[in-house]
Amino acid sequence: MTIAELVTVIAALVIIARIITFRRNGSRYRPGVAFLAWLAVAACTWIAVRIIAAGEPEAWWLALVLAALAALVLRCRGNLAHIFSHRPRRRH
């Protein structure tokens with residue numbers, strides 16, 4: 001497994017874990033964002049399984065995109081609606 005593949009798998013697993021462990025805590029349910037979260041988990045799972053099973057794809061651009069997305073998901077605590085909102089996020 002190359003460095004690019006390792007970074008891609010780790011970033012995909014971080015995205016999956018953070019989205020799955022997200023707790024709404026009274027925030028509004030949005031079906032579109034929920035579908036987007038499901039789609040992100042499904043895509044990241046498919047990418048991670050494909051790399052682990054077949055060893056492909058070896059692409060640095062995919063590793064960088066998933067690492068950036070993982071950083072965004074961690075920053076917004078798994079709430080994908082905060083990534084796409086135009087309002088500044090409040091600190092608690």
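**Figure 1. The order of elements along the protein chain is α-α-α-α.** Welcome to this predicted model, in which local features need pLDDT of at least 70, side-chain atom pairs count only at pLDDT 80 or more, and totals for chains, interfaces and linings use all residues. The chain holds four helices and zero strands; helices (H or I, at least four residues) and strands (E, at least two) are DSSP runs, numbered from the N terminus. Residues are numbered from 1 along each chain as its sequence is written, and side-chain values use heavy atoms, leaving out hydrogens and water.

**Figure 2. The protein chain, its extent and its surface.** Along its principal axes, the C-alpha trace spans about 40 × 20 × 20 Å. The accessible surface is about 6600 Å², and carbon and sulfur atoms account for 66% of that area (Shrake-Rupley method, 1.4 Å probe). Of the 92 residues, 29% are buried, meaning under 20% relative accessible area, with exposed over 50% and partly exposed in between (1.4 Å probe, protein chains only).

**Figure 3. Contacts across the sequence of the protein chain.** Here a contact means heavy atoms within 4.5 Å. Taking contacts between residues at least 6 apart in sequence, 74% join residues at least 24 apart.

Figure 4. With a relative accessible area of 22%, valine 33 is partly exposed. Setting aside residues up to four places away in sequence, valine 33 touches Leu80 and Ala81.

**Figure 5. Valine 33 and leucine 80.** These two residues are 47 residues apart along the chain, and 6.7 Å separates their C-alpha atoms.
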